[in-house]
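Subject: Structure for your review

Dear colleague,

Please find the structure below, together with its sequence. A summary of the side-chain contacts follows it.

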Amino acid sequence: MKWQELSSPRLDAVDRNTPVILNIAAIEQHGPHLPLDTDALIGRHFTDRIDAELGDQVLILPQLPVCCSRHHMAFAGTLTVRHETFLAYITDLLGSVAAHGFRNIVIFNSHGGNLAIGQVVLESFGNDHPEVELFMLTWWKIAAEELAKIQETEFGGVGHACEFETSLVQMIAPQLVEIDVAVDQLPVHDFHWAAADLLNAGRAAHHRNMHQLSNGTGVSGCPSKASPGKGQAISDAVTRAAVSMLRDIQGI
């Protein structure tokens, strides 16, 4: 169910244990070959699949497409808000959901730059609202083991505008992909112990903006290994994991 498509009386009749899902995404550069809408497009794809699978067992909030992308501002087209702005806005939004009595809230994340502030939201809002069970699901984390089996590239091949994201957009909206101008660029790290990609965390963190990380290309990974078929496999793996977790949440 989509929150905004229901009338007020119909929404008021929804079981308050129903998981309420909010996708947080990004509008930012994704190399020379993918649209600015990539993270938002992927987020909508997954919430639409979840909605199709679970129907009236979930309630999907309107997407937050513009979130925290300051590290991409060296590239044209990127939109961003400050972490403080994001924290205030999402806290007010989730507060509205809690005020209507919903007890299970799920933040579904489709952008790496939202990970840190998302954890702050989890701890801040969660402590202020003990009556709410609050979760954050990030698509590449919830199905990491299955995705590792799908990955064909070496370490660093999945990151940003990469094998995975390019495959997903090729499957979801192929008309938006300009694969002929895609470039492969493994992430540039100053310290081996800070090296990381989508599926492998570093042993320590070192701040790098996307211009530094991508050697100016806007790409961190290998889009040359992407395909629509791989996009479908990724979509299926992530959807299975999300649906399983949401059924667990609904059973609380």
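**Side-chain contacts in the predicted model**

Tryptophan 193 counts as partly exposed, at 34% relative accessibility (buried means under 20% relative accessible area, exposed over 50%, and partly exposed in between, with a 1.4 Å probe and protein chains only). Please note that this is a predicted model, in which local features need pLDDT of at least 70 and side-chain atom pairs count only at pLDDT 80 or more, while totals for chains, interfaces and linings use all residues. Residues are numbered from 1 along each chain as its sequence is written, and side-chain values use heavy atoms, with hydrogens and water left out.

**Aromatic pairs**

Rings of Phe, Tyr and Trp (its six-membered ring) are paired if their centres lie within 6.5 Å; planes under 30 degrees apart count as stacked, over 60 as edge-to-face and the rest as tilted. The count by this rule is 5 aromatic pairs. In one of them, tryptophan 3 and phenylalanine 102 are tilted, with 5.6 Å centre to centre and 55° between the planes. Tryptophan 3 lies in the segment before α1 (8-12) and phenylalanine 102 in the loop between α3 (83-99) and β3 (104-109), so this pair ties together parts that are 99 residues apart in sequence (helices, H or I with at least four residues, and strands, E with at least two, are DSSP runs numbered from the N terminus). Tryptophan 3 is buried at a relative accessible area of 18%, and phenylalanine 102 is buried at 1%.

Phenylalanine 191 and tryptophan 193 form a stacked pair, 4.7 Å centre to centre with 20° between the planes. Phenylalanine 191 is partly exposed, with a relative accessible area of 37%. Elsewhere, ring pairs link Phe46, Phe108, Trp139 and Trp140 into a cluster.

Phenylalanine 102 also has a charge over its face: arginine 16 lies there, 4.8 Å from the ring centre. The criterion is NZ of Lys or CZ of Arg within 6 Å of the ring centre and within 35 degrees of the ring normal.

**Salt bridges**

A salt bridge is a side-chain nitrogen of Lys or Arg within 4 Å of a carboxyl oxygen of Asp or Glu. By this rule there are 9 salt bridges. One of them joins arginine 240 and glutamate 146, whose closest N and O atoms are 2.6 Å apart. This pair links distant parts of the chain, with arginine 240 in helix α9 (residues 228-250) and glutamate 146 in helix α6 (residues 144-150), 94 residues apart. Arginine 240 is partly exposed at 49% relative accessible area, as is glutamate 146 at 33%.

Glutamate 163 and lysine 230 form another salt bridge, with 2.5 Å between the closest N and O atoms. Glutamate 163 lies in helix α7 (residues 163-172) and lysine 230 in helix α9, so the pair ties together parts that are 67 residues apart in sequence. Both residues, glutamate 163 and lysine 230, are buried. Salt bridges with shared partners join Glu152, Glu163 and Lys230 into one network.

**Cysteines**

There are 0 disulfides in the structure (a disulfide being a pair of cysteine sulfur atoms within 2.5 Å). Cysteine 68 is in no disulfide, and the nearest cysteine sulfur, that of cysteine 67, is 6.2 Å away. Cysteine 68 is buried, at 3% relative accessibility. The sulfur of cysteine 222 is 8.7 Å from the closest cysteine sulfur, in cysteine 162, which is too far for a bond. Cysteine 222 is buried at 11% relative accessibility.

Yours sincerely
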